[in-house]
Amino acid sequence: MATSVGMAAYAAAATAPFADGVTLIVAGPGGGPVDSWAEWLAPSLGKALPPGTQLRKDLVGGIDGVTGANQFEARTVPDGGTALLLPGSAAMAWLVGDPRARFDVGHWVPALAGITPGLVVSRLSLAQVMAGASVRIAASGPSGQELPALLALDLLGVKWTPVFGLTDAAASAALADGEADAVCLHGRRVAEMAQLLASTGVRPLFSFGSVDDTGRRVRDPAFPDTPALSELMAVRPATPGMRNAWRATAAASELDMALVLPQLTPASMVALWRRACAQAIGSSPVQEQASALGVRPQGVPAATASTTAVLADATAQLELRNWLATRLNYRPA
């Protein structure tokens, strides 16, 4: 009898793997950028997951995703019933040593990602910059999503000074008013912003490039005529740790969102989520939203390459944090 009951339970689990439904932890507030992704993805995910699966959304924490990632790390049972949707800013907080970040990016099992370009633009030409022109670059702060642009200028040996406290429209306005010489365009609608600035004489210096399926950085397909930083760095001396730190911060800056599962989730459950995610991002509603935002949705294997690219080993993290302290006097509280 015990054997019959066991076989019946196994059969039920196989046909209804999510009998109790699934929870999507959204690392951010209601109405925020990541919650918007949840709203667009949920209907398509619901259709792609096994029949009868109920998908619940749980909003957790602030807009940078750190609180949601902490809760996911500390409380989630790796049974496949819970996934996390979070922004790349959470990974950036982990990289720079933000004490609030009590999670390990290496524990994430990627299923889906949304990638945006990173582009540094200026009224100065690349030749002028490389020849020694001083560059004032607008940024939100030392540890913001513009960090890879600051680090890139340093790795190229450029003379630069940060102009902090400026983001998005304010940064572009500072460039137009002559209060800054360069800005880092990142996040959504980068191509659109670059086109608008081009009408005022602003041109790209370099892009962050794009991670291909093998994890190698190549030219960003959105800016095929603009050199990727990896091309420019090829002739500049830098420690392996700092190069790795730049690659990790660039990946975090480019990550508009990622859907991940906890470490040790059974392979069969990971496969179900990844298949559902692939179907969801292929749906017309998600494709239309992504196109309007200038975001490239990715399933596995591309999502795995893009998400795991934010990993940096202990040496790279230490060098990055030392650089932040000595170059920008930034020490996480």
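**Ground rules.** I number residues from 1 along each chain as its sequence is written, and side-chain values use heavy atoms, with hydrogens and water left out. Because the model is predicted, local features need pLDDT of at least 70 and side-chain atom pairs count only at pLDDT 80 or more, while totals for chains, interfaces and linings use all residues.

**The sheet.** I looked up the strand order first, taking helices (H or I, at least four residues) and strands (E, at least two) as DSSP runs numbered from the N terminus. Five strands make an open, mixed sheet in the order 7-6-8-5-9; two strands pair if DSSP finds at least two bridges between them. Strand 7 (160-164) and strand 9 (203-207) are the edges, each pairing on one side only. From one strand to the next, the twist averages 30°.

I then checked strand 6 (residues 135-139) and strand 8 (residues 182-186): they run parallel, joined by two bridges. Alanine 138 is opposite valine 183 of strand 8.

**Helix 7.** Residues 168-176 form helix 7, which lies across strands 5 (118-122), 6 and 8, at about 150° to strand 8. Axes are lines fitted to C-alpha atoms, for helices over the stretch in contact, with angles from 0 to 180 degrees between N-to-C directions.

**Helices 4 and 14.** The axes of helix 4 (residues 88-96) and helix 14 (residues 314-328) come within 8 Å and cross at roughly 85°. I therefore noted the two as roughly perpendicular (65 to 115 degrees). Trp94, Leu95 and Val96 of helix 4 meet Gln317, Leu320, Arg321 and Leu324 of helix 14, contact being heavy atoms within 4.5 Å.

Definitions and conventions
Parallel < 35°, antiparallel > 145°, perpendicular 65-115°, else oblique.
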